[in-house]
Amino acid sequence: MPQLTINKKDLGNNTVLLEPVGCLDAHTFEKMEQAIRGLFKEKVFRIIVSLPLLDYISSAGAGVFIGNITPAQEKGGNIVLVNPSANVKEVFDLLGLSQIFPMADDVEEALTHFQDDGT
Amino acid sequence: MPSIMLNKIERKLVVVNETKNLKLLRNFVTEVSGEMNVPLPERNKIILAVDEAVSNIIEHAYDSSHEGKSEVEVILLSEPDKVVITIKDSGREFDPTEIEDPDIRMHVNEGRKNGLGIFLMRQIMDEVKYTFRAGVENQLVMVKYFKDEGEDSPGKDFAE
């Protein structure tokens with residue numbers, strides 16, 4: 001079983017839901033990086049990352065979101081993190097990212113973090 | 001609340017310097033910290049600190065062409081009131097204690113990722129020390145204290 005799989009769902013309105021499952025660390029972060037960069041190439045900048053099935057994240061994994069949120073926002077989008085597991089939330093808290101990143105309890109709430117309707 | 005008394009244990013793991021071994025490393029720390037009786041929230045943080053330290057060694061102590069050709073030694077030792085983690089490698093000198101803490105908001109604005117792992121290590125552990133002997137060994141020692149209720153612990157406030 002791979003250490004990280006990423007499920008992808010098109011939510012319409014130029015919005016995509018990514019759901020990483022497994023561990024996001026120095027070994028697997030490039031897979032997440034490629035997934036987000038792939039969306040940017042498709043001109044998708046409204047990205048919701050659903051995190052309840054991500055068991056573990058290290059700074060390398062968090063770095064993917066740190067490195068890509070500003071480019072997404074500059075294109076009128078955002079990266080919204082949804083419902084992280086306790087382990088993952090703790091790492092965001094330790095890094096001080098919980099106050100900086102838009103967080104939501106579910107996808108519906110995440111959609112309110114985007115400034116326009118995506119059209 | 002009763003004070004925590006850790007079991008006295010010493011365990012060693014030697015891993016090849018490849019990121020694919022980080023999961024094996026985390027499993028090792030999970031198992032040993034459980035045997036030590038480290039409380040669960042602190043156990044998860046110690047796993048993260050060790051992962052960050054070894055990830056840094058794999059990334060910075062060796063050229064990428066050298067990945068998979070050297071070994072990193074991780075020793076976990078517990079006394080009743082502390083866990084001592086010693087990590088040894090033979091790569092180039094890389095002193096994480098010299099790296100400044102990041103301004104996280106600036107990092108986000110500029111998309112910078114450097115220094116985050118070291119920042120986490122410092123947030124989690126009470127002591128982070130580094131020694132380097134050219135051509136012989138780098139040694140990183142991290143200590144986490146588990147003191148009686150009411151005693152001052154320099155690492156206690158990190159989660160606020």
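View 1. B:Arg26 has a relative accessible area of 6%, so it falls in the buried class. The two residues form a salt bridge, with their closest N and O atoms 2.7 Å apart; a salt bridge is a side-chain nitrogen of Lys or Arg within 4 Å of a carboxyl oxygen of Asp or Glu. Because B:Arg26 lies in helix 1 of chain B and B:Asp51 in helix 2 of chain B, the pair ties together parts that are 25 residues apart in sequence. Helices (H or I, at least four residues) and strands (E, at least two) are DSSP runs, numbered from the N terminus.

A word on how to read these views: this is a predicted model, in which local features need pLDDT of at least 70 and side-chain atom pairs count only at pLDDT 80 or more, while totals for chains, interfaces and linings use all residues. Residues are numbered from 1 along each chain as its sequence is written, chains are lettered from A and ligands numbered from 1 in the order in which they are written, and side-chain values use heavy atoms, with hydrogens and water left out.

**View 2. A salt bridge from chain to chain.** Which residue of chain A meets B:Arg26 in a salt bridge? The partner is A:Asp25, at 2.7 Å from N to O. A:Asp25 sits in the loop between strand 2 (15–24) and helix 1 (29–41) of chain A, and B:Arg26 in helix 1 of chain B. With 0% relative accessibility, A:Asp25 counts as buried. Between chain B and chain A there are 3 salt bridges, and the count over all chains comes to 15.

**View 3. The interface of chain B and chain A.** Here 28 residues of chain B are in contact with 25 residues of chain A, contact meaning heavy atoms within 4.5 Å. The two chains bury about 2200 Å² between them, 63% of it on carbon and sulfur atoms; buried area is the accessible area (1.4 Å probe) that two parts lose on being put together, summed over both. On the side of chain B that touches chain A, helix 1 (22–36), helix 2, helix 3 (104–110) and helix 4 (116–124) of chain B each give two or more residues. Helix 2 of chain B has the largest share, with 8 residues.

View 4. Look for A:Gln3 in the segment before strand 1 (4–12) of chain A. Is A:Gln3 buried or exposed? Its relative accessibility is 18%, so A:Gln3 counts as buried. Leaving aside neighbours within four places in sequence, A:Gln3 is in contact with residues of chain A, including A:Val21, A:Asp25 and A:His27, and with B:Lys20, B:Lys23 and B:Arg26.

**View 5. Helix 4 of chain B, largely enclosed.** Why is this helix described as largely enclosed by the rest of the structure? It is because 7 of its 9 residues are buried. Among them are B:Leu116, B:Phe119 and B:Ile124. The cover over these buried residues includes helix 2 (59–74) and helix 3 (86–95) of chain A, along with helix 2, helix 3, strand 4 (127–133) and strand 5 (137–145) of chain B.

**View 6. The largest nonpolar core.** A nonpolar core is a set of buried Ala, Val, Leu, Ile, Met, Phe, Trp, Tyr and Cys residues joined through side-chain atoms within 4.5 Å. The largest one has 77 residues, and A:Phe65 and B:Ile87 touch the most other members. Helix 2 (residues 40–61) of chain B gives the most to this core, with 10 residues. Beyond its neighbours within four places in sequence, A:Phe65 is in contact with A:Leu24, A:Val49 and A:Phe101, among others.

**View 7. B:Glu42 and B:Lys144.** These side chains meet in a salt bridge at 3.7 Å, N to O. B:Glu42 lies in helix 2 of chain B and B:Lys144 in strand 5 of chain B, so the pair ties together parts that are 102 residues apart in sequence. B:Glu42 is buried, with a relative accessible area of 18%, and B:Lys144 is buried too, at 4%. Salt bridges that share partners join A:Glu90, B:Glu42, B:Lys45 and B:Lys144 into one network.

Note on methods. Buried < 20%, exposed > 50% of the residue type's maximum accessible area, 1.4 Å probe, protein only.
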